[in-house]
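Subject: Structure handover and findings

Hello,

I am passing on the structure we spoke about, followed by my notes on it. Please read them with the model open beside you.

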2 protein chains.
Amino acid sequence: METKEYEDKITPRATDFSDWYLDIIRVADLAENSPVRGSMVIKPYGYAIWENVQKFLDNEFKKVDVQNAYFPLLIPKSFLEKEAEHVEGFAKECAVVTHHRLEEKDGKLVPAGELEEPYVIRPTSETIIYDAFSKWVRSYRDLPLLINQWANVVRWEMRTRPFLRTTEFLWQEGHTAHATKIEAEDEAILMAGVYKKLIEEELAISIVSGKKTDSEKFAGADYTITLEALMQDGKALQTCTSHMLGQNFSKSFDVSFLDEKQEKQFAWTTSWGLSTRIIGALIMSHSDDKGLVLPPRIAPIQVVIIPIFVSEEDKINVMNKVAEIEKTLKENNIRLKIDKREGRPGFKYFEWEKKGVPLRIEIGPKDIANKSVVAVDRISGNKEFIKEEELLNFVTNKLKDIQDKLFENSKNFRLENTRETDLYEEFKNLLESKKGFVYSYLCEDPKCEEKIKEETMATARCIPFDQDIKTGECIFCKKEGNKKVFFAKAY
Amino acid sequence: METKEYEDKITPRATDFSDWYLDIIRVADLAENSPVRGSMVIKPYGYAIWENVQKFLDNEFKKVDVQNAYFPLLIPKSFLEKEAEHVEGFAKECAVVTHHRLEEKDGKLVPAGELEEPYVIRPTSETIIYDAFSKWVRSYRDLPLLINQWANVVRWEMRTRPFLRTTEFLWQEGHTAHATKIEAEDEAILMAGVYKKLIEEELAISIVSGKKTDSEKFAGADYTITLEALMQDGKALQTCTSHMLGQNFSKSFDVSFLDEKQEKQFAWTTSWGLSTRIIGALIMSHSDDKGLVLPPRIAPIQVVIIPIFVSEEDKINVMNKVAEIEKTLKENNIRLKIDKREGRPGFKYFEWEKKGVPLRIEIGPKDIANKSVVAVDRISGNKEFIKEEELLNFVTNKLKDIQDKLFENSKNFRLENTRETDLYEEFKNLLESKKGFVYSYLCEDPKCEEKIKEETMATARCIPFDQDIKTGECIFCKKEGNKKVFFAKAY
């Protein structure tokens, strides 16, 4: 595409973080708005990141015996109504299908063929999947049942932002059924662990994890495990969740089985999901005022090579050398792009910088004469001259270093922006002035949490599993409580 | 799942082909009906076949520089209206979204929040994708633009059958834009070639290909290339299509560019798709009265091993040997399942036979003593004793043999069931008594085709590219024509 002046401009983070975020998505060519309210088009470069997320997760799921399947997009209205909390949570924002054709009337196409019972487009699939499970599960021998679905879902959100909150989004949703409560709890924890591996090791985003409070949990769950990250503006972001659904859905949809004593029992179920929202988290964790920054393990392109030449003779020499290097790097599974387009090298540097490619290699006639290449890394911008024979080693190590460095930065940022206090005034000040996490005691009374939200706009992000057994005074009401909670303003 | 007597029964093909088809889907556990009108649940074993189709195609697409992206599920009604033939083709059978929430009224949930303009759930995505292309394409340098999307689509079909015709189905749809007509035509042909490779080499289904007649082409295309297979009951099945869209959509959606002379031109576009319908074709091509038959290259499980033992001591020896063989076969990328469940071996043989696993290996104490195993192939049912050290070679060759044999059978069946005639009476008789393809001349007048359809229920399946330059008399009106056409009753 012809690039225009205005298209290249990136608002600095310090000026307006929210504008910066949209600018990064535009200049890195990840996604764009669509003519459909609140829905985006995920462009090839953005989708390639999602494909890498999918590949990693799908492989991890299969390792723990989860099988993929596919369930209908449309959910009968009556299904949504079966679980009281669930319908409460989702009825207010769903796309409703009421007709099955368009018909011409006075020269205009209007909906026709009204359905007896409307359908909603799945906002999540617990209801339709547990209805199927009720047929699949008869005996304890059929358990555990471990199913995942890669799908699109629709939630009619009022305020949307690309990747973070869109009317339609892509995700995977896992649904499992177990014979005992403990097995279901273990599964919910296991899958949160799989997500942690993706987010920390592949995406280089440091997270805190733990349970959601009752008022923040999934509509229909006994409890929800969440992985919370901290964005560069100090706001928290829920990256994904894993729910212990108890017997709530199995009782609503009769997912029951005969146990070893031939007695009827209801199954214990879990569900867990991660969506294209993770790409929003990825952008806001690492990118800078020059553009997108991608951790090498998830980057669609890990290394870009820019051939540099003026004369035809140089071109031949340079391209031969490039082909040689391409072969070596590809054989070592490095995801590589050769930018063979015509045009000034400076323009290309600028473009790949904006797209967050971790490592750039430049090869010109002088480099060939010196038997070396120039390498520039995206996060430091440092230029290094690398001997040809050391290139493969250099690239391998450099990519690993960048990955480690990004995770270290993310972890340091999270720790530096996590503060503890017992005083509500300080609590409020911290949330207002410093942002980040504030870590404080909270009692069991949901009213305290509600009041805090009203007064500070911050929400309880999670109750970590591993905390002291000490007790302390609730930050709001001063009653003694034993749970310490991460609070933050959040996306 | 507990198996019930009635669940195991397979209607013989000769008795009722249509019941047989549904029985195969049930006993092989591929899919089941859902509570959503005309939509199925694709169960893990059926979905695993689809995943193999996806993996193959996705890889082939990337080889020819096609990139994946994702576009909205919902299509504004006004978009559908922009291409006259297109809306004609799809308006009569689409799911219409008219509201964006459910609200309680008199104790019932009713649709609320009516939309100003309704959306339809995509029946295909030409309109929404070419709208995006109109923003992506500015200069001839932006072309060709080669995009694919993996997605679900909804068409409100009146008569549905699992895999073959469902309200919702999964597919991929490729959309490309080119600077010249010839490049677009080449692309449509190239992608038909990719499909042919999948269908013949992976799925072992022999096809004929060529253009659709004008009355059978895609709504909005200049012409459609189709790949037609013949099912075991002699009915034809359209496995997939590749469309040359000419400038129809680029003019409706203004996909235009400045050429090298800085003059505005409309792009030439193509679209091409293959859906979960292909699994219906796969089932009806190879399966028999004992159950599903799968070609090894697409089978989720290529080899199943059944350990056989009574005593605990035998169990240890057998399982050790099984683990050894598992290691060898897996290292050689053979997709393997060890059936470790308790239960009679005979029951297991029966189950894997129904599921179409190409090769079964049985290992018991006697086999260990003889340093051999028993192998039974799914299509011949022959039992062979294989020396342990020859096992890997045997398995590799046997899987290849089965693949070749299935394709050969499919090809022979198609050729045996393709008949030529110049006489309309014979034409009618053949279609009635023998089924299969009848290959005859057809003139350009669409009325002949229409009349033939009325009188015989058969449709023009395709006009092959490679045919004699001879002319002949139209099978219906006897006017001289130069195109020979495959006719058949079809799915």
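In chain A, buried residues make up 49% of the 491 residues. Here a residue is buried if 20 or more other C-beta atoms, placed from the backbone, lie within 10 Å of its own, exposed if 12 or fewer do, and partly exposed in between. The model is predicted: local features need pLDDT of at least 70, side-chain atom pairs count only at pLDDT 80 or more, and totals for chains, interfaces and linings use all residues. Residues are numbered from 1 along each chain as its sequence is written, while chains are lettered from A and ligands numbered from 1 in the order in which they are written.

Chain A overall

The secondary structure of chain A comes to 15 helices and 25 strands; these are DSSP runs numbered from the N terminus, with at least four residues of H or I for a helix and at least two of E for a strand. Chain A has a radius of gyration of 26 Å, close to the 23 Å that the globule rule gives for 491 residues, so it is as compact as a globular protein of that length. That radius is taken over C-alpha atoms, and the rule is 2.2 Å times the number of residues to the power 0.38. The C-alpha trace of chain A spans about 80 × 65 × 55 Å along its principal axes. Of the contacts in chain A between residues at least 6 apart in sequence, 67% join residues at least 24 apart. A contact means that the C-beta atoms of two residues, placed from the backbone, lie within 7 Å.

A five-stranded sheet in chain A

An open sheet of 5 strands in chain A has the order S16-S15-S17-S18-S19, with mixed pairing. Two strands count as paired if DSSP finds at least two bridges between them. At the edges are S16 (336-338) and S19 (383-387) of chain A, each of which pairs on one side only. From one strand to the next the twist averages 25°. S18 (residues 372-377) and S19 of chain A are antiparallel and share 5 bridges; Ala375(A) stands opposite Glu384(A) there.

Helix H10 (residues 312-331) of chain A lies across S15 (303-307), S16 and S17 (359-363), running at about 170° to S15(A). Helix H11 (residues 345-354) of chain A touches S15 and S17, and its direction also makes about 170° with that of S15(A). Such angles run from 0 to 180 degrees between N-to-C directions, with axes fitted to C-alpha atoms, for helices over the stretch in contact.

Where chains A and B meet

The contact takes 51 residues from chain A and 51 residues from chain B. On the chain A side, strand S5 (residues 96-105) gives the most, with 7 residues. That side has 30 nonpolar, 9 polar and 12 charged residues. In this count Ala, Val, Leu, Ile, Met, Phe, Trp, Tyr, Cys and Pro are nonpolar, Asp, Glu, Lys and Arg are charged, and the others, Gly among them, are polar.

S5(A) and S5 (residues 96-105) of chain B run antiparallel, joined by 3 bridges. Val97(A) stands opposite Val97(B), and the partner of His99(A) is Val96(B). Within chain B, S5 pairs in the antiparallel sense with S6 (residues 108-121) over 8 bridges, with Arg101(B) opposite Ala112(B). These two strands of chain B form a hairpin with 2 residues between them, and Asp106(B) in the turn has a positive phi of about 50°.

A buried serine in chain B

Ser285(B) lies in helix H9 (residues 277-286) of chain B. What makes Ser285(B) buried? It has 26 other C-beta atoms within 10 Å. Its contacts beyond four places in sequence include Ile205(B), Met231(B) and Ser410(B), as well as Ala229(B). The C-alpha atoms of Ser285(B) and Ala229(B) are separated by 8.5 Å, although the residues are 56 apart along the chain. Ala229(B), in strand S10 of chain B, stands opposite Ile207(B).

Regards
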